[in-house]
Amino acid sequence: MAQRTIHYLIGEALIAREGVTDVDRFRVGNLLPDAIEGIRWRSLTHFQKTVPVDGVERRYSDFEQFRRDFADEVEHDDLYLGYYMHLVEDACYRLLWQEYGLWEKIRTEADIELLHRDYHLLNAAIVRRWGIRDELVMPADFAREPINRIYPFLLESFLAEARVDFTENPAGEMCLIDEAFVERYVSDYLDTCCEALRRLRAGRPIDPISMTW
């Protein structure tokens, strides 16, 4: 849900603040759930489920299910830790969407096109504001990774697309989200992501149902 550069930005902060060991694998894992062919696969790769809350069906990303399915890998391999953190980051992002009322504003294909246009406009702003740079490295022999049991991830082409995010600089005005939105996401939810990682390492992972939207 969050654009690639936002995931990358939060991932770099987690690397710096939480002592990630294999940064190359973590960076890739932190983008990997979006390396899919079309949004129809998003609920699968993001472990999305529904749960009734006060009589209303709410959605959530079941990152705890992902942790159980890949328990050994999440504990010992930073690609899988990055994947887990992507799911947490998206849950935080959707909570901010809720606060901004974006679920009501983005209803049609035209609205989605406007959002994606904002994403492209924001890429240059995020690169400039936070100084992120392309350090993505394709893992060797990725096709043999157990994570492909979820979905045959299109990682090579996806990373090629992601590299463009660091250099594009389109002209135009943002419509639905802007740099202040990203600032708010970082200020309100980076600590949440850090806490989720610490709790995971401590064997006390957060409950994904606490982050429904």
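The structure is a predicted model, in which local features need pLDDT of at least 70 and side-chain atom pairs count only at pLDDT 80 or more, whereas totals for chains, interfaces and linings use all residues. Residues are numbered from 1 along each chain as its sequence is written, and side-chain values use heavy atoms, with hydrogens and water left out.

The protein contains 10 helices and two strands; helices (H or I, at least four residues) and strands (E, at least two) are DSSP runs, numbered from the N terminus. Along the sequence, these elements follow the pattern α-α-α-β-β-α-α-α-α-α-α-α. The radius of gyration, taken over C-alpha atoms, is compared with a globule rule of 2.2 Å times the number of residues to the power 0.38. For 213 residues a compact globule would have a value near 17 Å, and the 16 Å of the protein agrees with this. Buried residues (under 20% relative accessible area, with exposed over 50% and partly exposed in between; 1.4 Å probe, protein chains only) make up 52% of the 213 residues.

A nonpolar core is a set of buried Ala, Val, Leu, Ile, Met, Phe, Trp, Tyr and Cys residues joined through side-chain atoms within 4.5 Å. The largest such core has 73 residues, of which Phe 66, Tyr 93, Trp 97, Ile 147 and Phe 153 touch the most other members. Helix α6 gives the most to this core, with 14 residues. Contact means heavy atoms within 4.5 Å; leaving out residues up to four places away in sequence, Tyr 93 touches Met 1, Ala 2, Ile 6, Tyr 119, Ile 177, Phe 181 and Tyr 185.

Asn 30 lies in the loop between α2 and α3 and counts as buried because its relative accessibility is 2%. Its contacts beyond four places in sequence include His 7, Tyr 8 and Glu 89.
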